[in-house]
Amino acid sequence: MSDSSTSIVPNITHFLDREVKAKQIIEWLVSIKAVKPVKTDCILSSELGYPIDKGASNLVDEPEYLPFSLRCNGLEVVTDREVFHTGQNGLDSFICPKCNENIISNEWDLNDYYETGNSLLLCPLCNNASDLNDYLIEPTWGFSNLGFTFWNWPPLKDEVVQEFEKILSCKVKIINSHI
């Protein structure tokens, strides 16, 4: 069996006060009993995550598919620079926000972002630099130093995504991954 995840990622590459906002999100999710407050090895990482709790059924469209019986069933909170990608779902397009051309077949790389945190990517076609989050990427990818990954949960309700946006004070991207 394979694992899947849904990540909620601010549309901000360098999120200020990320630790404070991460704490606010966790406190909210613990208060509604969506996740438990004590971290365990419930995520697909060497780090610890917050295990699923009974209130999670109020956050998803299909609560009967919540992963209560799976070992990998929790919330992973990332507060370091990360590329939130789709795993085995591939990459279909990478559209420049300046020239609206798909650069997927051209030479470009994310090494500068990985190594230095520089989030500007120079389009190989129009030679304009744009923030990575401004590119139209299909399926959706996100670039940020803050993110929340729900392991093996069914799709989250729209109201939940809206509450994340309210707490984070910005738009978010939803990245679905399959590994």
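These legends describe close-up views of a predicted model.

**View 1. Strand 1 and its two partners.** Strand 1 covers residues 4-10. Most of the strand is covered, with 6 of its 7 residues buried. Strand 10, residues 172-178, pairs with strand 1. The two run antiparallel and share 7 bridges. Look for Ser5 in this view: its bridge partner in strand 10 is Ser177. Strand 9, residues 147-151, also joins strand 1. This pairing is antiparallel too, and it has 4 bridges. Here Thr6 stands opposite Phe150 of strand 9.

**View 2. Two domains of one chain.** The chain divides into domain 1 and domain 2. Domain 1 is made of two segments, 4-85 and 143-178. Domain 2 spans 93-138. Taken over C-alpha atoms, the domain centres lie 27 Å apart.

**View 3. The interface between domain 1 and domain 2.** The size of an interface is often given as the accessible area lost when the parts come together. For domain 1 and domain 2, the buried area is about 930 Å². Carbon and sulfur atoms account for 50% of it. On the domain 1 side, three residues stand out: Thr13, Arg81 and Phe143. Together they supply 61% of the area that domain 1 buries against domain 2, more than any other three residues. Polar contact, by contrast, is found in 9 residue pairs.

View 4. Side chains of opposite charge can pair when their charged atoms come close. The model has 3 salt bridges. One of them joins the side chains of Lys23 and Glu27, at 3.7 Å from N to O. Both residues sit in helix 1, which covers residues 18-31. They are 4 residues apart, about one turn of the helix. Glu27 has a relative accessible area of 45%, so it counts as partly exposed.

**View 5. A salt bridge within a loop.** Arg71 and Asp41 form this salt bridge. Their closest N and O atoms are 2.4 Å apart. Both residues lie in the loop between helix 1 and strand 2 (75-78). Arg71 is exposed, at 63% relative accessibility. Asp41 is partly exposed, at 42%.

**View 6. The salt bridge of Lys171 and Glu165.** The closest N and O atoms of this pair are 3.9 Å apart. Are the two partners buried or exposed? Lys171 is exposed, with 56% relative accessibility. Glu165 is buried, because its relative accessible area is 18% and the cut-off for buried is under 20%.

**View 7. Ser130 and its surroundings.** Ser130 is found in strand 6, residues 129-131. Its relative accessibility is 3%, so Ser130 counts as buried. Which residues does Ser130 touch, not counting those up to four places away in sequence? They are Pro97, Lys98, Ser119, Leu120, Leu121 and Tyr135.

**View 8. Asn152, a buried loop residue.** Asn152 is placed in the loop between strand 9 and helix 3 (158-168). At 9% relative accessibility, Asn152 is buried. Leaving out residues up to four places away in sequence, Asn152 touches Ser2, Asp3, Ser4, Ser5, Tyr65, Pro67, Leu70 and Cys72. Among these contacts is Ser5, the residue bridged to Ser177 in View 1. The side chain of Asn152 also makes a polar contact with the side chain of Asp3, at 2.8 Å. Cys72 is 80 residues from Asn152 in sequence. In space, their C-alpha atoms are 7.1 Å apart.

Technical notes
Residues numbered from 1 in each chain as written. Predicted model: local features only at pLDDT ≥ 70, side-chain atom pairs only at ≥ 80, totals over all residues. Heavy atoms only, no water. Buried < 20%, exposed > 50% of the residue type's maximum accessible area, 1.4 Å probe, protein only. Pairing = 2+ DSSP bridges. Domains from an automatic or database assignment. Buried area = accessible area lost by both parts, 1.4 Å probe. Polar contact = N/O pair within 3.5 Å; in protein donor to acceptor, adjacent residues only side chain to side chain. Salt bridge = Lys/Arg side-chain N within 4 Å of Asp/Glu carboxyl O. Contact = heavy atoms within 4.5 Å.
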